[in-house]
Amino acid sequence: MSEKPGPEIVKSYIDHFQPSRKDAPETIVAVSVICAETTERAEELAMSGLLWNLQLSKGDGRKGVPTLEEAKQYKYTEEEIKKMEHMKNKIVVGNPGEVVGRLKSLQKVYQADEIMIVSITHSYQERLRSYELISEELKKTYEK
């Protein structure tokens, strides 16, 4: 695992790309995103995925992503709280405007041609809604 920050790794890839054709390199960045109508709701929804990541890191989590209630009732240790704070810094969580703003910023930083969004929630409906909100916000942005 590289110790270099992500944007530096991508820049190195672009700078050293040896095409087999006359194509320029394409960069796809995968981003973990939770979007909801409000930032508060998005942060709440993110709890399930964060808890699941903690469980997986301990060899648990085989039952899948915990419910929001399970995440709220879970008794977090101090170490787990620190790990969750670290994990939160690696995902995009917020309302549609915030999320699209962060995605555009990441696109510029990584010089990405494409962004792949992954949303991990317990509820399929919340996951679908997250994608819909992002799509609606992007449409507004590009219609201007």
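Predicted model: local features only at pLDDT ≥ 70, side-chain atom pairs only at ≥ 80, totals over all residues.
Biologist: Why is the contact between E44 and K72 called a salt bridge?

Modeller: The closest N and O atoms of E44 and K72 are 2.7 Å apart. The cut-off is 4 Å between a Lys or Arg side-chain nitrogen and an Asp or Glu carboxyl oxygen, so the pair qualifies. The pair links distant parts of the chain, with E44 in helix α2 and K72 in helix α3, 28 residues apart.

Biologist: What makes E80 buried or exposed?

Modeller: E80 has 8% relative accessibility. Buried means under 20%, so E80 counts as buried.

Biologist: What about its partner, K58?

Modeller: K58 has a relative accessibility of 44%. That value lies between 20% and 50%, so K58 is partly exposed. The closest N and O atoms of K58 and E80 are 2.8 Å apart, and the two form a salt bridge. K58 sits in the loop between α2 and α3, whereas E80 belongs to helix α4, 22 residues away.

Biologist: How do you know that R129 and E132 form a salt bridge?

Modeller: Their N to O distance is 3.3 Å. This is within 4 Å, so the pair meets the criterion. R129 and E132 are three residues apart in helix α6, which means a separation of about one helical turn. Salt bridges with shared partners join R129 and E132 to E37 and E136 in one network.

Biologist: How many salt bridges does this rule give?

Modeller: The count comes to ten.

Conventions: Residues numbered from 1 in each chain as written. Heavy atoms only, no water. Helix = DSSP H or I, 4+ residues; strand = E, 2+ residues; numbered from the N terminus. Buried < 20%, exposed > 50% of the residue type's maximum accessible area, 1.4 Å probe, protein only.
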